[in-house]
Amino acid sequence: MPNDVRDLPAGQSDGLYRFLGGSPLAVAFRLILLSILVGVVLAAIGLDPWNILYSIRRLFQSIWDFGFDAINWAWRYFLLGAVIVIPIWLLSRLFGAPRGR
């Protein structure tokens, strides 16, 4: 008989490895590192783990305010540029070479 290998029932550790996706220690280490990384990102956008609902509301308020601040910023620069661009464009249209048709 060339194939005398018997399939043994899977041990408890095989099921645990399969469920976790690797060794428990390696999975715990990856989860800890990922949690720290996500925590840094969430702290950078202003979320606080002790008062999460207030932090989320404050985050959306900041995004809302930032959107309107960006519109205000763009409008001010548009007006500042238009003071120069519009008169130059108008003068170039008035005194430009006539187009023959």
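Helices here are DSSP runs of H or I with at least four residues, and strands are E runs of at least two, numbered from the N terminus. The model is predicted, so local features need pLDDT of at least 70 and side-chain atom pairs count only at pLDDT 80 or more, while totals for chains, interfaces and linings use all residues. Residues are numbered from 1 along each chain as its sequence is written, and side-chain values use heavy atoms, with hydrogens and water left out.

**View 1. Ser55, a buried spot in helix H3.** Ser55 sits in helix H3. Its relative accessibility is 1%, so Ser55 counts as buried (buried is under 20% relative accessible area, exposed over 50%, partly exposed in between, using a 1.4 Å probe and protein chains only). Skip the neighbours within four places in sequence, and Ser55 is in contact with Gly46, Leu47 and Asp48; contact means heavy atoms within 4.5 Å.

**View 2. Helix H3 from end to end, with its bend at Ala82.** H3 takes in residues 52-95, 44 residues in total. From first C-alpha to last it reaches 63 Å, close to the expected 64 Å (1.5 Å times one less than the number of residues). At Ala82 the helix bends by about 40°, which is the angle between axes fitted to the seven residues ending there and the seven starting there.

View 3. In the model, residues 27-47 are 86% helix and 0% strand, with end C-alpha atoms 26 Å apart. Residues 74-95 come out at 100% helix and 0% strand, and their end C-alpha atoms lie 31 Å apart.

**View 4. Trp64 and Phe68, an aromatic pair in H3.** The structure has three aromatic pairs (ring centres within 6.5 Å, using the six-membered ring of Trp; planes under 30 degrees apart are stacked, over 60 edge-to-face, the rest tilted). In this one, the ring centres are 4.9 Å apart and the planes at 65°, so it is edge-to-face. Trp64 and Phe68 are four residues apart, about one turn of the helix. Trp64 is exposed at 56% relative accessibility, and Phe68 is partly exposed at 44%.

**View 5. Trp73 and Tyr77, another edge-to-face pair.** Here the ring centres are 5.2 Å apart, with planes at 70°. Trp73 and Tyr77 are also four residues apart in H3, about one helical turn, and both are exposed.
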